[in-house]
Amino acid sequence: AGLTVRAPMNSYGGLNVSKGSSMNFEPKDNQVVSLKGTLPNSTSLLKSLKQQFASDVATKLSIDQNRVRVESMKSVNATTDRRRRLGETQVQVTFSIKPNKNSDKNTARTELKQVIKNLPSVISTGTSLAGMTATKVQRDQQAFESVIGGSGLRLEQGSALEINEGNVTFAGVLDSAGSIDIGAGGRVMFASAGVNKIKGDGLISAADSTVSIGQGELQMGSKFQAAGIVDIAAGSKLSLNSSSGANKMTGPSVKLGQGAEIQLDRGSLEMDTDMSSDGFLKIDGGEMSFKKKNGDSRVGGEGMSIGKDAKIDMQQGKVKFEGPMSSRGKVSVGASGKASFATNGTSTAGRRRLLDNGQHVAAGEGLVVLEGGVVDIVSASLSVYKLDSAGVISLGTSSSGRRLLDSRRRLETGSGDVAIGEGGLNSQGLITVPAGATFTFNTNNKATSTIAEIGRAHV
């Protein structure tokens, strides 16, 4: 049971989808066939003709007949078909193809696209359908824009919202305990200044889809898995607080506008995409991981904070911190990862730079760099409670302009600053401290710092 919308919809009241029901937004995607022939006068014969037509179409497409839906079958008006004026009778049939219900949603959508793509090769001018010859075949396709305002939309537990194509804007709030599925070509905009809440089976979006938070907040009490674009506009917020199922962003891009925020309270957030943030990443709990091979992400704006029970793992790709990183948890750089710490050179009139003096802090469990991983400190300072590195620590040119050194599997410092806190240092490489550089141990006799025998200390 449910409601299928194949036209623009504007709601100014309240919508409720009960348990076991669904609400589907679909584009109009019909095939229109003109046939030489006449319609029978009998209702029963017309029904039989529709069934025969559906059967013939299904045979041509090698699909089940139940998937062919005859939307209409009518005689063509003489004023709309020139051939009628020449004495020919025409029957116009409008039909659509339904997805395969025996497959999962993504597989069914992919298969349906392929069926429709193949249709012109098996049904064209001259094809015989229901005992009549096709004279014209065309596709009638249109996606729609819908707005759900008023008191918004409520999905009860066990219900579903599906947006296959077109735009749906929530001018009112969404409160979901069901499932939300956004197909390829679908776009959802959360435009309410209030708080949208999604629990239940969460939200899943396919490739070539878009999830936008225009204002207000989207609170996820269940999984958020986006294979399309994610856009969090200035001043809006995405909160992730799911203990079941990983949150994943795997599409072409994730963008945070100025003052926008992503907050992770628990669970995991996997970034297998390129992220560009001019907002704030607040990782209070759980784990956030950057996993895109050769990825290029940027943390600007107000930067990132990492709580004492949280972890950041830069497994693959590059993450550039232009805004301040402040960690009381654990920061790690994987064998194929690179973390770059820099300053944010932008400023606004009457305000200080967001990152004064390029200060980044890795307190808590400190910083771990696996062999093959790279930490690049450019015109910034990094204070680390504990540093455990088998990778590369590279310092670029500082604001003083002095030359800084770098070498694979070596910890080297020039005129930038590296301070080791009470957690100490465990290095498997070579430490070089050239003239004019500062490498400070603030261990206060509370930790032992170790340099492996394979290396030497140059001071």
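**Labels and their grounds**

Analyst: In helix α2, the residues Ala 108, Arg 109, Leu 112, Val 115, Ile 116 and Leu 119 are buried. Before your questions, the ground rules: this is a predicted model, in which local features need pLDDT of at least 70 and side-chain atom pairs count only at pLDDT 80 or more, while totals for chains, interfaces and linings use all residues. Residues are numbered from 1 along each chain as its sequence is written, and side-chain values use heavy atoms, with hydrogens and water left out.

User: What makes Leu 112 of α2 "buried"?

Analyst: Buried means under 20% relative accessible area (exposed is over 50%, partly exposed in between; 1.4 Å probe, protein chains only). Leu 112 is classed as buried. The cover over the buried residues of α2 includes β5, α1, β7, β9, β12 (160–163) and β15 (179–182). Cover here rests on contact, meaning heavy atoms within 4.5 Å.

User: Why are β6 and β8 called edge strands?

Analyst: The open sheet has 5 strands, ordered β6-β7-β5-β9-β8, with antiparallel pairing. β6 (68–75) and β8 (128–129) each pair on one side only.

User: What makes β8 and β9 a pair?

Analyst: Two strands pair if DSSP finds at least two bridges between them. β8 and β9 (residues 132–142) have 2 bridges, in the antiparallel sense. Ser 128 stands opposite Thr 133 of β9.

User: Which strands does β23 pair with in the parallel sense?

Analyst: β20 (residues 217–220) pairs with β23 (residues 237–241) over 4 bridges. Met 220 has Leu 240 as its bridge partner in β23. β26 (residues 261–266) runs parallel to β23, joined by 5 bridges. Ser 239 is partnered by Gln 263 in β26.

User: What makes the 65 residues a "nonpolar core"?

Analyst: Such a core is a set of buried Ala, Val, Leu, Ile, Met, Phe, Trp, Tyr and Cys residues joined through side-chain atoms within 4.5 Å. In this largest core, the residues touching the most other members are Phe 190, Phe 224, Leu 238, Ile 262, Met 288 and Met 304. Strand β31 (residues 303–321) gives the largest share, 7 residues. Another core, of 24 residues, lies apart and has Leu 49 and Met 73 among its members.
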